[in-house]
Amino acid sequence: MKKSTKNFVWASLLSSGGAVLLTAAYRKSQRDAIRFLEDTDMRNSEKIDQMESVDAGLDPAERGLTQLDSAMRAEWQANGFPQTHMEMEELAEETDVEKNNNYAPNL
């Protein structure tokens with residue numbers, strides 16, 4: 001082989017190897033990058049968890065809820081999570097009665 005052909009082959013191999021290394025380094029840097037903006041993620045915001053719900057004046061069920069609680073309210077309702085302290089106490093009493101299998105009412 002001619003010397004110029006050998007130099008061309010070596011240069012091609014070196015440049016393709018460099019491209020592979022650069023591509024691998026770029027992919028690694030993208031994989032390690034943060035995928036969301038912390039300022040806009042509602043779950044990480046203490047401010048949202050302290051501000052009153054926007055719909056508090058319109059919907060009586062929203063009174064006393066923060067904006068974060070208001071956003072999660074639909075999920076709570078879908079999962080059957082109690083909405084008030086009274087419902088929580090009733091649920092606790094029901095589970096206490098269910099746990100006591102030997103319950104016999106006084107006659």
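Q: Why is Ser53 called buried in this structure?
A: In this predicted model, where local features need pLDDT of at least 70, side-chain atom pairs count only at pLDDT 80 or more, and totals for chains, interfaces and linings use all residues, Ser53 has a relative accessible area of 5%, and because buried means under 20% relative accessible area, with exposed over 50% and partly exposed in between (1.4 Å probe, protein chains only), Ser53 is classed as buried. Residues are numbered from 1 along each chain as its sequence is written, and side-chain values use heavy atoms, with hydrogens and water left out.

Q: What makes the pairing of Ser53 with Glu62 a polar contact?
A: The side chains of Ser53 and Glu62 make this contact at 2.8 Å, and the term requires a pair of N or O atoms within 3.5 Å, where within protein one must be able to donate a hydrogen and the other to accept it, and residues adjacent in sequence count only if both atoms are side-chain atoms. A polar atom of the Ser53 side chain also lies 3.3 Å from the backbone nitrogen of Asp55.

Q: Which residues is Ser53 in contact with, leaving aside its neighbours within four places in sequence?
A: With contact taken as heavy atoms within 4.5 Å, the partners of Ser53 beyond those neighbours are Glu62, Leu65, Thr66, Gln67 and Ser70.

Q: What makes Glu62 and Arg73 a salt bridge?
A: Their side chains meet at 3.3 Å, N to O, and this falls under the definition because a salt bridge is a side-chain nitrogen of Lys or Arg within 4 Å of a carboxyl oxygen of Asp or Glu. Glu62 lies in the loop between H1 and H2 and Arg73 in helix H2, so the pair ties together parts that are eleven residues apart in sequence. (Helices, H or I of at least four residues, and strands, E of at least two, are DSSP runs numbered from the N terminus.)

Q: How do you know that Asp59 forms a salt bridge with Arg73?
A: The closest N and O atoms of Asp59 and Arg73 are 3.5 Å apart, which meets the distance criterion already given, within 4 Å. Asp59, Glu62 and Arg73 are accordingly linked in a network of salt bridges.
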